[in-house]
Amino acid sequence: MQACWRRWGLQLLHPPASSLSSSSKLIHPTHSAGYGNDYARHASTISIKGTGNIVRKGTGGRSSVSGIVAAVFGATGFLGRYLVQQLAKMGSQILVPFRGSEDSHRHLKLMGDLGQIVPMKYNPRDEKSIKAVMAKANIVLNLIGREYETRNYSFEDVNHAIAEHLAVIAREHGGIIRFIQVSCLGASASSPSRMLRTKAAGEESVLQAFPEATIMRPATMIGTEDRILNRWAQFAKNWSFLPLIGDGSTKIQPVYVVDVAAAIIASLKDDGTSMGKVYELGGPEVFTMHELAELMYDVIREWPRYVKVPFPVARAIASPREFLLNKVPFPLPTPNIFNLDQINALTAEDFGSLRGGPYSSNKIELLGLPCSLPVDLMQIMSRHDLKLNISH
């Protein structure tokens with residue numbers, strides 16, 4: 001009797017092929033008008049100069065296949081999460097190299113369809129691990145950067161050597177069709193900031209190793225997890241005042257991080273015209289440091305209190321960390337407000353070629369970005385009747 005029940009159960013689970021095909025033809029047709037292989041929505045809109053179209057399947061959502069297999073170095077950082085989200089929602093597969101803990105990338109895994117976000121452990125100084133990340137990629141994006149030095153990684157290591165190493169490996173790979181290098185607005189060999197000087201050296205090395213690379217130079221990025229407004233707000237909450245380096249008159253042109261991610265995606269979707277070019281990404285408005293701090297105080301609903309710190313005094317406060325960095329046998333705290341290199345950077349305005357800045361060049365193109373800012377700042381700006389203008 002038990003054998004009969006088992007046979008009957010197997011017949012239910014595995015019906016004959018003839019009956020299955022006939023029933024499926026009657027109930028669920030395998031094709032219909034408008035959804036065949038020649039359907040227009042299956043055609044790719046992502047094209048690469050000299051290589052034809054990337055094959056894409058689906059209607060363009062996160063469950064589709066965009067044809068992009070992107071290795072995003074620095075994906076666990078501030079800009080990385082927004083770029084991964086925009087790549088994933090168009091159906092791309094994203095390789096996420098990480099060198100920290102297993103928790104450093106877990107917030108990214110929810111952004112794509114099942115199996116589309118692939119974390120990979122790597123060491124930026126190990127060529128084999130980098131090659132393993134790039135093995136099946138066709139696009140490489142380098143977002144790696146650091147605004148302060150540590151005992152293990154200097155500005156030269158992070159901003160120049162690693163970028164050059166990635167570009168050389170991408171060129172040797174043979175299957176990498178696009179390389180995006182994210183630099184920093186104001187990067188120049190003559191900058192007073194060591195970070196900006198190494199960023200400029202990294203750009204030059206990348207273009208030498210991978211001439212078709214696209215260089216993106218975003219201005220100071222603001223957003224939910226930014227490293228300027230959040231640090232100011234935390235300091236103001238803890239100490240009831242905010243130190244202004246200099247007199248707060250240094251001008252910057254902050255840009256919303258979502259717009260920077262959208263600009264990178266737009267460069268991947270173009271017809272190849274962005275290959276080998278440098279783009280500077282600036283926001284719609286220019287602020288002094290004091291004006292930006294006023295907006296921050298309005299958002300956190302605190303009475304603004306400032307202490308103006310002259311540049312020599314600020315450098316004296318920040319210098320001990322730089323002096324002791326490689327002389328003590330333990331890691332030093334991360335600099336927040338008093339970062340010596342950022343203090344030096346504040347002596348030059350953060351414009352680049354935007355608004356006729358000091359680093360203008362005929363090889364640099366300006367990319368018009370939408371007038372979008374975080375919701376809180378938009379509310380505050382509308383309260384103060386500030387008009388937004390786009391610089392083309």
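**Stop 1: helix 4**

Select helix 4 and look at what its buried residues pack against: strand 3, strand 4, strand 5 (117–121), strand 6 and helix 5 (155–173). The model you have open is a predicted one. Helix 4 covers residues 127–134. Now show the side chains of S129, I130, V133 and M134, which are buried. Turn the view to look down the axis of helix 4. The buried residues fall within an arc of 135°, so they line one face of the helix.

Select D126 and K128. A side-chain oxygen of D126 comes to within 3.3 Å of the backbone nitrogen of K128.

**Stop 2: the whole chain**

Zoom out. Colour by secondary structure, and you have 12 helices and 16 strands. The chain has 392 residues, and buried residues make up 46% of them. Take the contacts between residues at least 6 apart in sequence: 73% of these join residues at least 24 apart.

**Stop 3: the nonpolar cores**

Select V72, L79, L83, L87, I94, L141 and I264. These have the most contacts inside the largest nonpolar core, which has 35 residues. Which elements give two or more residues to this core? They are strand 3 (69–73), helix 3 (78–88), strand 4 (93–98), strand 6 (139–142), strand 7 (178–182), strand 12 (255–256), helix 8 (257–269) and strand 13 (278–281).

In soluble globular proteins, nonpolar side chains tend to be buried together.

Go back to V72 and centre on it. What is V72 in contact with, leaving aside its neighbours within four places in sequence? The list is L83, L87, I94, L95, V96, P97, L141 and L143.

**Stop 4: strand 7**

Select strand 7. Here 5 of the 5 residues are buried, so strand 7 is largely enclosed by the rest of the structure. Show the side chains. R178, I180 and V182 point one way, while F179 and Q181 point the other way.

Strand 6 and strand 7 run parallel, joined by 4 bridges. Find N142, which stands opposite Q181 in strand 7. Now trace the chain from strand 6 through helix 5 to strand 7: this β-α-β crossover is right-handed.

Strand 7 and strand 8 pair in the parallel sense, over 3 bridges. Within strand 8, T214 is the bridge partner of I180.

**Stop 5: Q181**

Stay in strand 7 and centre on Q181. Is Q181 buried or exposed? Q181 is buried, with a relative accessible area of 1%. Its side chain makes a polar contact of 2.7 Å with the side chain of N142. Leave aside the neighbours within four places in sequence, and Q181 is in contact with N142, A163, V206, T214, I215 and M216.

**Stop 6: E147**

Move to the loop between strand 6 and helix 5, where you will find E147. E147 is buried, with a relative accessible area of 10%. The side chains of E147 and R231 are joined by a polar contact of 3.3 Å. Beyond four places in sequence, E147 is in contact with F155, M195, R227, R231, N339 and Q342.

**Stop 7**

Select V307 in strand 15 (residues 306–309). V307 is partly exposed, at a relative accessible area of 37%. Not counting residues up to four places away in sequence, V307 touches F241, L242, P243 and L244. V307 and D247 are 60 residues apart along the chain, and their C-alpha atoms are separated by 9.1 Å.

Last, select H107 in the loop between strand 4 and strand 5. H107 is partly exposed, with a relative accessible area of 27%. Then pick R81. The C-alpha atoms of H107 and R81 are separated by 8.2 Å, and these residues are 26 residues apart along the chain.

How values were computed: Residues are numbered from 1 along each chain as its sequence is written. This is a predicted model: local features need pLDDT of at least 70, side-chain atom pairs count only at pLDDT 80 or more; totals for chains, interfaces and linings use all residues. Side-chain values use heavy atoms; hydrogens and water are left out. A nonpolar core is a set of buried Ala, Val, Leu, Ile, Met, Phe, Trp, Tyr and Cys residues joined through side-chain atoms within 4.5 Å. Buried means under 20% relative accessible area, exposed over 50%, partly exposed in between (1.4 Å probe, protein chains only). Contact means heavy atoms within 4.5 Å. The arc is that of the directions from the helix axis to the C-beta atoms. A polar contact is a pair of N or O atoms within 3.5 Å; within protein, one must be able to donate a hydrogen and the other to accept it, and residues adjacent in sequence count only if both atoms are side-chain atoms. Two strands pair if DSSP finds at least two bridges between them. A crossover is right-handed if, with the strands pointing away from the viewer, the path from the first strand over the helix to the second runs clockwise.
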